[in-house]
Amino acid sequence: DTMKFEKARFEPDWDEFEKAGERELKELIEQDTWDMVDYDLVPEGATILQSTMIAKRKRYPDGRLRSYKARLCVRGDQQREGIDFFET
């Protein structure tokens, strides 16, 4: 039950996925984990990492629906050590 958010938009329970996505973004903003920046203000040579939102139906072991989750996933494989990051 894991899919890209774009696909989840066509599911009959889209409203639940949408709420999960809103919760995820709200939590990320509250935790101050990233900054939204104007593309024109990004320094020349800086890497802008792509991201995607993933939607998931969480289920109990017997298959019953437990909850809806959304996660913002960043393409960390696009980073270059010593240029885009210095330690993990």
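**Burial, pairing and charge**

Mentor: Let us begin with Met36, which is exposed, with a relative accessible area of 72%. Please keep in mind throughout that this is a predicted model.

Trainee: Where does Met36 lie, and which residues form a nonpolar patch on the surface?

Mentor: Met36 is found in the loop that runs between helix H2 (14-30) and strand S2 (51-59). The patch has about 430 Å² of accessible area together, and the residues that form it on the surface are Leu25, Ile29, Trp34 and Met36.

Trainee: Is Arg57 buried or exposed?

Mentor: Arg57 has its place in strand S2, and among the residues it touches, leaving aside those up to four places away in sequence, are Phe17, Leu65 and Tyr68. Because buried means under 20% relative accessible area, and the value for Arg57 is 11%, Arg57 counts as buried.

Trainee: Which residue forms a salt bridge with Arg57 at 2.9 Å?

Mentor: Side chains of opposite charge can pair when their charged atoms come close. The partner sits in the loop between helix H1 (5-8) and H2, 44 residues apart from Arg57 in strand S2, and the partner is buried, with a relative accessible area of 14%. The side chain that meets Arg57 in this salt bridge, at 2.9 Å from N to O, belongs to Asp13.

Trainee: How many residues apart in sequence are the parts that Asp1 and Arg59 tie together?

Mentor: The side chains of Asp1 and Arg59 meet in a salt bridge of 2.4 Å, N to O. Asp1 lies in the segment before strand S1 (2-4), whereas Arg59 lies in strand S2, so the parts that this pair ties together are apart in sequence by 58 residues.

Trainee: What separates Lys26 and Glu30 in helix H2?

Mentor: Lys26 counts as exposed at 51% relative accessibility, and Glu30 is exposed too, with a relative accessible area of 56%. Their side chains meet in a salt bridge of 3.4 Å, N to O. Because the two residues are four apart in helix H2, what separates them is about one helical turn.

Trainee: Which residue in S3 is the bridge partner of Arg59?

Mentor: S2 pairs with strand S3 (residues 65-74) in the antiparallel sense, over nine bridges. In the hairpin of these strands, with five residues between them, Gly63 takes a positive phi near 100°. Within S3, the bridge partner of Arg59 is Leu65.

Terms used: Residues numbered from 1 in each chain as written. Predicted model: local features only at pLDDT ≥ 70, side-chain atom pairs only at ≥ 80, totals over all residues. Heavy atoms only, no water. Patch = residues over 30% accessible without salt bridge, like charges linked within 9 Å, V, L, I, M, F, W, Y side chains within 5 Å. Areas by Shrake-Rupley, 256 points an atom, 1.4 Å probe, with all protein chains shown as cover. Salt bridge = Lys/Arg side-chain N within 4 Å of Asp/Glu carboxyl O. Buried < 20%, exposed > 50% of the residue type's maximum accessible area, 1.4 Å probe, protein only. Contact = heavy atoms within 4.5 Å. Pairing = 2+ DSSP bridges.
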